[in-house]
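Dear colleague,

I am passing on the structure below, followed by notes on what was found in it. Please read the notes alongside the coordinates.

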Amino acid sequence: MVEELVGVVAAVGAGALVYVVSAARVVKQYERGVVFRLGRLHGDVRRPGFNLVVPAVDRMRKVNLQIVTMPIPAQEGITRDNVTVRVDAVVYFKVVDPAAAIVNVEDYRFAVSQMAQTSLRSIIGKSELDDLLSNREKLNQGLELMIDSPAVEWGVTIDRVEIKDVSLPDTMKRSMARQAEADRERRARLINADAEYQASKKLAQAAHQMADTPSALQLRLLQTVMAVAAEKNSTLVLPIPVELLRFLERGQQPAAQTPGHAEAADQAELAEGAVDRREQAEDAMEQLRRAVEQ
């Protein structure tokens, strides 16, 4: 009798153990469990931890709630300004309603992927090439709204969408390179022209200043000669200004052109002026000679 009782208890214990093992389900922290009893959605979504279901009656589907990173294959399209481009992107999304993600759509991952590809082609057709290259933030927001609208019914929310790369035809790349080169050359010419204009204004001011002070021209000539002589070149080309020759010529003209009937005092003054100018010319030539020797 005792042995039969022990056998029955052991059989019941073994059956209970088998039942618990077959009915036990473990849901991870980043998952949620959706239970179907005889094909119908049963109860609330199961929380993380240890859960029990009825064997052979209940069936549990686990749904991952982590953010999914899904790359969108490169889509080829024609922009609004008739340029053929290939654009690829990436979608970040997650499940917020596990029951809707299982019941309302057959495969929410595949559905999000197809919707993302369709929306990307639509964005390409509505945008211009400059927008695809420089205004991606606005296009990302528009693409996110286009994907997120139908995904709400699938229990999925789109976290963000990013356009990764825009591939252009080789002919378009060469055209853009020529355009950029021409634009840089135009800016360089404008800068050079502005520099020449500013330099010409400064040179004009310097010319007026030297015209008011003739000795400044001689000093500038001496500075130039000294600068050239400092380089220790084998050949030194010394320019003689025309003003210096005219200065020497003016120093000789008064004596030759003085009329015979001029008074003695005027002749003396003219002679003294000629001597002074001749001495100044000789001093200038001596300074030039010394500069050349240095």
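The patch covers about 500 Å² of surface and is made by Tyr19, Val20, Val26, Phe50 and Leu52. Patches are made of residues with over 30% relative accessible area and no salt bridge, like charges being joined within 9 Å and nonpolar side chains (Val, Leu, Ile, Met, Phe, Trp, Tyr) within 5 Å; the areas come from the Shrake-Rupley method with a 1.4 Å probe, and for residues only the protein chains shown count as cover. Val26 lies in strand S1 (residues 24–27) and, at 52% relative accessibility, counts as exposed, the classes being buried under 20%, exposed over 50% and partly exposed in between (1.4 Å probe, protein chains only).

Please keep in mind that this is a predicted model, in which local features need pLDDT of at least 70 and side-chain atom pairs count only at pLDDT 80 or more, whereas totals for chains, interfaces and linings use all residues. Residues are numbered from 1 along each chain as its sequence is written, and side-chain values use heavy atoms, with hydrogens and water left out.

Turning to the sheet, 3 strands form an open, antiparallel arrangement in the order S3-S2-S5, two strands being paired if DSSP finds at least two bridges between them. Strand S3 (40–41) and strand S5 (58–64) are at the edges with a single partner strand each, so one side of each has no neighbour in the sheet. Strand S2 (residues 31–37) is joined to S3 by 2 bridges, and Phe36 stands opposite Leu41 in S3.

The whole structure holds 7 salt bridges, each defined as a side-chain nitrogen of Lys or Arg within 4 Å of a carboxyl oxygen of Asp or Glu. Asp183, Arg186 and Arg187 are linked in a network of them: the closest N and O atoms of Asp183 and Arg186 are 2.8 Å apart, while Arg187 and Asp183 meet at 2.2 Å, N to O. Asp183 and Arg186 are 3 residues apart in helix H6 (residues 170–212), so about one helical turn separates them. Asp183 is partly exposed at 29% relative accessibility, as is Arg186 at 45%. A further salt bridge joins Glu185 to Arg189 at 2.9 Å; Glu185 is partly exposed at 40%, whereas Arg189, at 57%, is exposed.

Best regards

Note on methods: Helices (H or I, at least four residues) and strands (E, at least two) are DSSP runs, numbered from the N terminus.
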